[in-house]
Amino acid sequence: MKELIRFQHESFIKFIYASVMVKDNYVKKMLEDIAMFKYRHMVWAMTDASKAGIDFDMDFSEKEIAKIKVDNEADLIEILKIDLEENLKKYTQDNPTINRLKSDDEYFLSQLKNIDLEAEITAFNDKRELPGVELEENAKAALIFFLMEETFKEYELITIYSYLKVHSDKSDANSAFTDLAYDSIYHLKRFADLASQMGVLTLPKNIPHDKYKNIGVVEFLKENIEEEMEAEKQCLILAEKIGNKELSDFLLFISRQELYHGELLQRALDTITK
């Protein structure tokens with residue numbers, strides 16, 4: 001079961017990042033949809049393991065994830081097909097979760113086999129320009145720093161909230177962790193998409209176990225409420241200095257979500273400390 005969690009985790013990462021690397025909007029949406037299912041697959045496997053009393057971590061093979069760092073879209077799609085094919089080989093048990101995963105992946109694989117892409121991938125070319133947007137050098141540098149920092153941070157939060165969710169026996173806390181995880185996935189997609197357009201996309205790294213395993217949940221929630229308030233502030237600062245209305249509006253939109261994250265964390269805290 002630990003291996004199953006890792007496979008689904010790696011698939012989720014590959015597909016969510018691949019979705020911001022391709023340029024075709026139809027394929028981008030398809031890969032994004034598959035990524036969201038692979039996230040659910042991962043959480044289902046985590047839930048089954050937790051209920052069975054199996055200890056697990058959220059480690060993944062960074063070497064495996066690095067395979068998607070390729071120069072053209074045809075190679076990327078081929079890597080994603082191989083990922084699903086390898087997953088399907090591992091579905092040897094007969095239970096409701098495995099049967100659902102197998103059915104989903106067979107369909108996803110059939111979709112990928114109909115894709116024909118040839119464009120160059122520019123997500124890692126370090127061009128540091130946002131297509132169609134002119135920014136002053138200081139604003140551009142601030143945006144790149146923000147995107148690189150926040151893509152990793154959002155991935156970290158997805159991992160932590162997902163782990164806490166499947167180990168929580170409090171329904172209100174579980175609901176808050178679920179909402180926070182899905183918001184973090186949305187933020188990751190948006191930040192990674194901008195980073196990809198600028199050629200500064202970075203892939204995630206493994207998170208130390210002490211960030212999510214056997215942590216003091218109450219202390220974590222208190223600290224993260226403060227961090228969400230700080231994240232709101234950073235969005236507001238960048239929105240003011242960016243010098244582009246569309247980007248500024250986007251950052252203000254994100255800042256209001258960060259503010260609400262503090263409310264969700266407070267609800268989880270109140271539930272746990274009752």
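1. Helix 8 gives the largest share of the lining of the largest pocket, 10 residues. Helices here are DSSP runs of H or I with at least four residues, numbered from the N terminus. The model is predicted: local features need pLDDT of at least 70 and side-chain atom pairs pLDDT 80 or more, while totals for chains, interfaces and linings use all residues. Numbering starts from 1 along each chain as its sequence is written, and side-chain values use heavy atoms, with hydrogens and water left out.

2. The volume of the largest pocket is about 360 Å³. Of its 19 lining residues, those closest to the centre are Phe-146, Glu-149, Glu-150, Ala-231 and Gln-234. Helix 6 (137–166) and helix 8 (217–241) each contribute at least two lining residues. A pocket is an open set of points on a 1 Å grid over the protein atoms alone where a 1.4 Å probe fits, with protein on both sides within 12 Å along at least five of seven lines; lining residues have an atom within 4 Å of a point. Points are joined across faces, edges and corners, and the volume is the space filled by probe spheres set on them.

3. By class, the pocket lining has 9 charged, 8 nonpolar and 2 polar residues. Asp, Glu, Lys and Arg count as charged; Ala, Val, Leu, Ile, Met, Phe, Trp, Tyr, Cys and Pro as nonpolar; the others, Gly among them, as polar.

4. Lys-38 lies in helix 2 (residues 25–51). Lys-38 counts as buried because its relative accessibility is 0% (buried means under 20% relative accessible area, with a 1.4 Å probe and protein chains only). Its side chain makes a polar contact of 2.9 Å with that of Asp-105 (a pair of N or O atoms within 3.5 Å, one able to donate a hydrogen and the other to accept it). Beyond four places in sequence, Lys-38 touches residues including Gln-8, Asn-87 and Tyr-91 (contact means heavy atoms within 4.5 Å).

5. Ile-34 is also in helix 2, and is buried at 1% relative accessibility. Residues up to four places away aside, Ile-34 touches Phe-15, Phe-108, Gln-111 and Leu-112.

6. In the largest nonpolar core, of 94 residues, Leu-31, Leu-76 and Leu-112 touch the most other members. Helix 6 gives the most to this core, 14 residues. Such a core is a set of buried Ala, Val, Leu, Ile, Met, Phe, Trp, Tyr and Cys residues joined through side-chain atoms within 4.5 Å. Leaving aside neighbours within four places, Leu-31 is in contact with residues including Val-22, Ile-77 and Leu-112.

Note on methods
Buried means under 20% relative accessible area, exposed over 50%, partly exposed in between (1.4 Å probe, protein chains only).
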